[in-house]
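Colleague: Please put the model up on the screen. I have some quick things to ask.

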Amino acid sequence: MATEAPPPKNGTETDSGPGRPTTEQFVEVQKSPEFGELRRTYRSFAFPLTVAFIAWYLLYVLLSNYAGGFMGIKLLGNINVALVLGLGQFATTFLIAWFYSRHAAERLDPRAEAIKSRMEGDA
């Protein structure tokens, strides 16, 4: 894994060096309203989608275990409800990943970059 900055030479180094924020600066930024808004923006997107996907997955598992007759209904040839819902799990996973990448690029990344730039400039 590549990193932007090399690790400290030894574990006892306390000087963060030029251009690197101190622990106090990280704590200060963490308490800032801007960082709080970044966290709220992330959570307001990630948590509801996570809950929805887990509910959708559990519905599929429960239907598979307890509604075999329903899941076995043939829709087209040998394609049944279970296969369609199972493939829907894959489609949902990719759709959520795509939505998240768009959300992050539009709303999260610019805010995070602004915080990072300010921290690196202040250090």
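Modeller: Let's start at E37, which is partly exposed, with a relative accessible area of 34%. Here buried means under 20% relative accessible area, exposed over 50%, and partly exposed in between, using a 1.4 Å probe and protein chains only. This is a predicted model: local features need pLDDT of at least 70, side-chain atom pairs need 80 or more, and totals for chains, interfaces and linings use all residues. Residues are numbered from 1 along each chain as its sequence is written, and side-chain values use heavy atoms, without hydrogens or water.

Colleague: Which side chain meets R40 in a salt bridge?

Modeller: E37 does, at 3.2 Å from N to O. A salt bridge is a side-chain nitrogen of Lys or Arg within 4 Å of a carboxyl oxygen of Asp or Glu. Both residues lie in helix α2, 3 residues apart, about one turn of the helix. Helices are DSSP runs of H or I with at least four residues, strands are runs of E with at least two, and both are numbered from the N terminus.

Colleague: And what about R111 and E37, how far apart are they in sequence?

Modeller: Their side chains also meet in a salt bridge, 3.7 Å from N to O. R111 is in helix α4 and E37 in helix α2, so this pair ties together parts that are 74 residues apart in sequence. R111 is partly exposed too, at 31% relative accessibility.

Colleague: How many salt bridges are there by this rule?

Modeller: The count is 4. One of them joins E106 and R102, with the closest N and O atoms 3.9 Å apart. These two are 4 residues apart in helix α4, about one helical turn. E37, R40 and R111 form one network through shared partners.

Colleague: New topic. How does the chain run, read along the sequence?

Modeller: The pattern is α-α-α-β-β-α. That comes to 4 helices and 2 strands. Of the 123 residues, 18% count as buried.

Colleague: Back to α2. Where is its kink centred?

Modeller: On R43, with a kink of about 25 degrees. The bend is the angle between axes fitted to the seven residues ending there and the seven starting there.

Colleague: Which residues of α2 are buried?

Modeller: They are G36, L38, T41, F45, A46, Y60 and L63.

Colleague: Last one: where is L83 found?

Modeller: In helix α4. L83 is partly exposed, with a relative accessible area of 39%.
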